[in-house]
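Work through the exercises below with the model open. Each task is followed by a stepwise solution.

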Amino acid sequence: MSCREHCGKLKYQKINPSPFPRMSVNLENTGSIKGELHTDSKKNEKPERPCLQVDEQGGSDFFKDLILASQTVLETVQQKGRSKCPKCQSSRMFYCYSCFLLVDGVNADKIPQVKLPLKIDIIKHPNETDGKSTAVHAKLLAQDDVNIYTYPCMPEYKDISNEVAVVFPGPKSIALDDLPKYLSTIAGKKPQPTKSSKNALSHENITCEGPELKRAKYDHKHQQSLDEENPVKEQNVGEMETHPTPLKRVIFIDSTWNQTNKIITDERLQELLHVELRSQKTHFWRKQKGKPDTYLATIEAIYYFLADYHRLFLKENYNGEYDNLLFFYSFMHKLINKAKDAAGKLN
């Protein structure tokens, strides 16, 4: 889930600011860093699994095994300082977290784009601060496969519920490693009807029926592509599927822990399968007192889910296919930790 510190083995606890750690930081005051932040693509390295292990010193090498695009473009922008968003004209560093756009001066050709094996919907609490979420990273780096909705607006999933899962911890959640077996068992016991002739995720089926009074915003441009993403094939009435239906869409929640209940208890999500991450550890730079290190940032949760999904469902070794989802996150991690180290505050 994308609660600002999405937890690997999350329990309903308050997290500041959300189940996924917030990303509020003054990048201009961290100083200019030449060369040391550059991460070259490791074209010949093919790790079987993502390897983000913490070193004993608290670590400059968290991300050394990732296969990342060159971050020279980020180094250059960081040295120059903030620029304006081409849409809202707000002053931002790297990207506008409100418009989901790169700021002026950032060469879009230098920013990697990641193709995901399924679609991702991020449901954001309306009271969350845009600038303190890592969810925007997913939208910027996987533009064709990620949509962000502001609660109570979200798609209606009831007609494709057998193809959708919510990543969120709780008593009804199953471990991701158990998901293939679970889907096989369910398919064997209870055949699922094929979806109706109407696309369940069409633009007309975005609803805003939650308890919030103000209507939330969503990206109309990307919703227009949903009909094309899910073409409907002609099927006989009453035709049934008896084999496990592979997931086609995964939902993450972006909210503070004390606000997640309002979203996760929404009946539109309650009927869906819930899955949780149980063993991954966060590398977020702001330590959460009293909270376990299995509480992940939003982008970490998405990354870890996809890496394991690749292994479990595609039946292939993971060779860094989604590492660039951490393109911004890994850069900021090194930038902020370097600043902390210089100030003698790095634990």
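**Exercise 1.** Does Phe327 count as buried or exposed, and at what relative accessibility?

Solution. This is a predicted model: local features need pLDDT of at least 70, side-chain atom pairs count only at pLDDT 80 or more, and totals for chains, interfaces and linings use all residues. Residues are numbered from 1 along each chain as its sequence is written, and side-chain values use heavy atoms, with hydrogens and water left out.
- Step 1. Take the cut-offs: buried is under 20% relative accessible area, exposed is over 50%, partly exposed lies in between (1.4 Å probe, protein chains only).
- Step 2. Phe327 has 0% relative accessibility, so Phe327 counts as buried.
- Step 3. Phe328 is buried too, with a relative accessible area of 1%.

**Exercise 2.** Classify the aromatic pairs Tyr303–Tyr304 and Phe327–Phe328.

Solution.
- Step 1. Apply the rule: rings of Phe, Tyr and Trp (its six-membered ring) pair if their centres lie within 6.5 Å; planes under 30 degrees apart are stacked, over 60 edge-to-face, the rest tilted.
- Step 2. The rule gives 10 aromatic pairs.
- Step 3. Tyr303 and Tyr304 sit 5.5 Å centre to centre with 55° between the planes, so the pair is tilted.
- Step 4. Phe327 and Phe328 show 5.4 Å and 75°, so this pair is edge-to-face.
- Step 5. Ring pairs also link Phe252, Phe305, Tyr309 and Phe313 into a cluster.

**Exercise 3.** Which residues have the most contacts inside the largest nonpolar core?

Solution.
- Step 1. Define the core: buried Ala, Val, Leu, Ile, Met, Phe, Trp, Tyr and Cys residues joined through side-chain atoms within 4.5 Å.
- Step 2. The largest such core has 62 residues, and Phe305, Leu325 and Phe328 have the most contacts inside it.
- Step 3. Helix 8 (residues 298-313) supplies its largest share, 10 residues. Helices here are DSSP runs (H or I, at least four residues) and strands are E runs of at least two, numbered from the N terminus.
- Step 4. Beyond four places in sequence, Phe305 is in contact (heavy atoms within 4.5 Å) with partners including Leu118, Val167 and Phe252.

**Exercise 4.** Which polar contact does the side chain of Lys119 make with the side chain of Asp145?

Solution.
- Step 1. Locate Lys119 in strand 6 (residues 119-124). At 16% relative accessibility, Lys119 is buried.
- Step 2. A polar contact is a pair of N or O atoms within 3.5 Å; within protein, one must be able to donate a hydrogen and the other to accept it, and residues adjacent in sequence count only if both atoms are side-chain atoms.
- Step 3. The Lys119 and Asp145 side chains meet at 2.6 Å.
- Step 4. The Lys119 side chain also reaches the backbone oxygen of Asp144, at 3.2 Å.
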